[in-house]
Amino acid sequence: MKTSREKAVNNMANRDSYFDNARFILIFLVVFGHLIQSYIDANTFVATVYKFIYSFHMPAFILVSGFFAKGIYKKGYIKKITKKLIIPYLIFQAIYSIFYYFQFGKSSLEFDLLNPHWSLWFLLSLFCWHLMLLVFNKWKPVYSIGIALAIGLAVGYIDWISNYLSLSRTFVFFPFFLIGYYLKKEHFQKVISHQVKLLAAIPIIAVIILLVIFPNLNETWLLGSKPYSQLQDITILGIFTRTGVYALNFIMAACFFAFVPRKRLFFTKWGRNTLYVYLLHGFIIRTFRGSSVETYLEPMQSIIILVIASFILTLILSSKLVTTIVQPFIELKWSKWKQLLNNLKDSKSNAYKNTTTD
């Protein structure tokens, strides 16, 4: 019989380091992007960095989620993702409501399950993407992707669509999830060659130059959360702007995957815990915003500090200690607690054997 530790080692060996590396880098960018968001109106450089990150990090994150949705037709899969996504959504929606009540000193405690708090939109959209996949997968990829893109472009003309049930982001970002579902490992292997890296550097440099030359580009377009009427004066032209944003997202996401390391690195193991980081970092970021620490930091001079702080926060929230403590609230499991207790029992048993032997 294998010990729990040996099983854990085998599971880590069987995982693909490339995707764990991609996940960790992307969740770090999520934390960093949220951390610097407060400074984008006051500093052009920070705004450029923010727009550059948002040009690819959520599309790439969603694409990876779609890639790992290939078990959609397995027995009990829908029940599994409901437990994994909807129950944590309900729990954290309630926790955020209480958190905001005390943080902002609201007069009453409000629970609104239909308007996700801040980053919780991703859980709701991810659940919907899995359900939508059951329908869109019945068609040929070229048709299903084409229809998904058409819907993503069309919903911008619905003025009431926004944060309600995360409908706007659900439809706008669904093409990335769908394409990720259709992709195979061979497709990712093709983009990590040295030749592709050299080619990928060209659009990355071009986008950076574009953002520097045109600093007034509206970053809200990259969020996928608003109708066209709230994004530009000539609403009818919104479909063309979003088409350009789609092109930017797809190109930049492909460029990102070209530079993801293939080897197992010191942070690879933490790429398995992105959901923990995603759900927990908001409490710290929201506490930081509006605090004396935020006003004390000058973004241009403190950008390195903000990078390091984001990295450390990502490491802490994906650490074994934190994931063990909060696992019952996120995964509704106690396996990490049981493993910890078993390890303690093993260590006590070994210590006892050593003492008796001596």
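C255 is buried, with a relative accessible area of 4%. C128, on the other hand, is partly exposed, and its relative accessible area is 25%. Please keep in mind that this is a predicted model. How many disulfides does the structure hold? The count is 0.

## How confident is the model?

Across the chain, the mean pLDDT is 88, and 90% of the residues reach 70 or more. Residues 1-14 are a stretch to read with this in mind: their pLDDT is below 50. Beyond near neighbours in sequence, residues 1-14 have 8 contacts in the model.

## Helix α7 and what covers it

Now let us turn to a helix. Helix α7 runs over residues 141-154, which makes 14 residues. From its first C-alpha to its last, α7 reaches 20 Å, close to the 20 Å expected at 1.5 Å a residue.

Which residues of α7 are buried? They are S144, I145, A148, G152 and L153. The cover over these buried residues includes three other helices: α6 (121-136), α8 (167-182) and α11 (238-258).

Is T314 buried or exposed? With a relative accessible area of 0%, T314 is buried, because buried means under 20%.

What does T314 touch, leaving aside its neighbours within four places in sequence? Its contacts are F24, I27, F28, V31 and V277.

Definitions and conventions: Residues are numbered from 1 along each chain as its sequence is written. This is a predicted model: local features need pLDDT of at least 70, side-chain atom pairs count only at pLDDT 80 or more; totals for chains, interfaces and linings use all residues. Side-chain values use heavy atoms; hydrogens and water are left out. Helices (H or I, at least four residues) and strands (E, at least two) are DSSP runs, numbered from the N terminus. The expected span of a helix is 1.5 Å times one less than its number of residues. Buried means under 20% relative accessible area, exposed over 50%, partly exposed in between (1.4 Å probe, protein chains only). Contact means heavy atoms within 4.5 Å. A disulfide is a pair of cysteine sulfur atoms within 2.5 Å. pLDDT is the predictor's confidence in each residue, from 0 to 100.
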